[in-house]
Amino acid sequence: MNSTVTDLSTVKTSALRYLSCLRLPDIVVLQGPPLLGAAFALRQFNAEVVPPLCILLVANVFLMAHVFTLNDWSGLSADLADRNKAAATFTARGVERRGIGRLTVVLLAVSLVLFSVLGAIASGLALAIAALSTLYSVRPFNWKGRPFLSSVAHLAGGILHFLLGYSLGNALDGRGLAIATFFALIFTAGHLTQEIRDYRGDAESGITTNAVMFGQRRTFLASLVLFGLAHLLLLLLAFRGIVARPMAALAILFPLQIHWSLKTMREGFSYGSLSGLRARYRALYAVVGLAMAAALLVAKVHA
């Protein structure tokens, strides 16, 4: 009896240790694009759409967990050398590199099995996202350390991620691609901000990100331009009726982000100030996403 209890306690401790290695806040944030994709595509909300939406959500949790564990597994040496990241590495939490490698494979396998239930298009899109993740994280590709290619991976990945949900209710079309581009621009701009935050550690490890190659200020301005393009695209989509016209009002939030960005520039791009900026604009885009979801829900319930 005592042996059984001890074994269960060991399993629980090990499971919690592995769970602590997952980037849960990032995984939660990245549930937004595919769920909004599904919301834009589904013609109505009823009991029939609940099962596929639940499968989409669970499958995407596993897929995003795979993307992050693969990145952490492949980038362990650089993360250990970065004083801002070393304490958060999986080895610092008592998990070996081999264990994370196995977990990465299992997460992808479970994700692909679940996406296969949703059909060939969803499976293909999930595979494409996993392939981009490999190109970005794994040597000899290492797009993370290749200027422009790292942004290409995030732009393409952001589009595919939205379409993953959009494919539930629609064949892939121009409307879906146009809306997906809005989210992809935000995703790409946000990643540039992350590169600026990680500039010092990446430079010391010889990782030539956009920020290392072109400098923090130029990369920051490029990030802000991409955020601005996303809001201009939202206005265009609303005025052309591709999304509901009231959604154009969400663009009024962008000046708030500009204010935060200028404050961060004045503070000199410290790790703390950039982390604060990231948290604030994530909250801002969470509001944008929730407003879109609410508008779609009201429209389709009354359709």
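Over the ring of which residue does the charged end of Arg97 sit? The charged end of Arg97 sits over the ring of Trp73, 4.1 Å from its centre, where such a placement requires NZ of Lys or CZ of Arg within 6 Å of the ring centre and within 35 degrees of the ring normal. This is a predicted model, in which local features need pLDDT of at least 70 and side-chain atom pairs count only at pLDDT 80 or more, while totals for chains, interfaces and linings use all residues. Residues are numbered from 1 along each chain as its sequence is written, and side-chain values use heavy atoms, with hydrogens and water left out.

**Aromatic pairs**

- Across the whole structure there are 9 aromatic pairs, counted for rings of Phe, Tyr and Trp (its six-membered ring) with centres within 6.5 Å, and classed as stacked with planes under 30 degrees apart, edge-to-face over 60 and tilted for the rest.
- Phe162 and Phe183 are stacked, because their ring centres lie 5.2 Å apart with the planes at 15 degrees.
- The rings of Phe220 and Phe269, with centres 5.0 Å apart and planes at 55 degrees, form a tilted pair.
- One aromatic cluster is formed by Phe40, Phe162, Tyr166, Phe182 and Phe183.

- Leaving aside neighbours within four places in sequence, Lys85 is in contact (heavy atoms within 4.5 Å) with Asp79, Lys144 and Asp198.
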